[in-house]
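Open the model in your viewer and keep the sequence panel alongside. The tour goes from the whole chain to single selections.

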Amino acid sequence: MTVGERSSNRLASNLEQLVSRIENAYAQRSSELEQVSGVLGNMDKLVDVMARVEMQAIAERQLNEKLERLNLLVEKLAAREAAATKEISIEETLRKVIKGVKVTGKVMDIVAGSLGIMVDSISAAVKSDGAADTTRGKTGTESVDLASVLSPIGSILQGLLGTEPVDSGQGKTGTKEEA
């Protein structure tokens with residue numbers, strides 16, 4: 001073997017190693033970009049979920065404001081009725097106050113319970129969706145399970161209407177209490 005052949009073989013070997021290193025670096029860079037893309041996708045989903053939670057909080061505040069206005073109207077009507085009859089006993093008044101407190105407590109319990117269920121289901125949906133993305137790679141984009149996000153809203157509405165909840169699988173929600 002001559003010096004020229006040896007240097008040609010060494011050059012070919014060096015070029016093969018260089019190509020191999022470049023391909024490895026490119027593959028690593030591609031993998032990192034896919035991971036970053038997956039993280040960004042999950043962050044977008046989280047932003048969407050947080051926006052829905054904020055919308056739910058706004059709706060609950062509006063509901064509370066309407067309930068307060070309704071309570072004021074009922075109090076005004078009760079005051080008119082009391083002024084008209086003026087023979088309402090203290091016992092009846094106390095019963096009405098207790099009943100109003102029970103109703104208010106029940107509404108607050110329903111809202112608090114539903115909010116807790118909603119946050120748990122959203123967290124579970126986001127966590128399970130994130131775990132599924134990391135195990136299966138970048139095979140496709142999946143959205144958060146809409147049923148698991150909307151079930152707490154149904155619980156709130158059912159609680160406010162005083163109906164028994166349809167089997168939602170989310171645990172205990174509001175129950176109908178006899179007055």
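How many helices and how many strands are there in the protein chain? Show the chain as a cartoon: it has three helices and zero strands. Read from the N terminus, the order of elements is α-α-α.

Next, colour by pLDDT, since this is a predicted model. The protein chain has a mean pLDDT of 77, with 74% of its residues at 70 or more. Select residues 3–85, which form helix 1; among the elements of the chain, this helix has the highest mean pLDDT, 89. Then select residues 146–161, helix 3, where the mean is the lowest of the elements, at 70. Move on to residues 168–179: here the pLDDT is below 50, and the stretch makes 18 contacts in the model beyond near neighbours in sequence.

Go back to helix 1 and pick Leu 18, which lies in it. Is Leu 18 buried, partly exposed or exposed? Its relative accessibility is 46%, so Leu 18 counts as partly exposed, the range between under 20% for buried and over 50% for exposed.

Of the 179 residues in the protein chain, 15% are buried. With contacts displayed, consider those with a separation of 6 or more: 67% of them join residues 24 or more positions apart.

Key. Residues numbered from 1 in each chain as written. Predicted model: local features only at pLDDT ≥ 70, side-chain atom pairs only at ≥ 80, totals over all residues. Heavy atoms only, no water. pLDDT = per-residue confidence, 0-100. Helix = DSSP H or I, 4+ residues; strand = E, 2+ residues; numbered from the N terminus. Contact = heavy atoms within 4.5 Å. Buried < 20%, exposed > 50% of the residue type's maximum accessible area, 1.4 Å probe, protein only.
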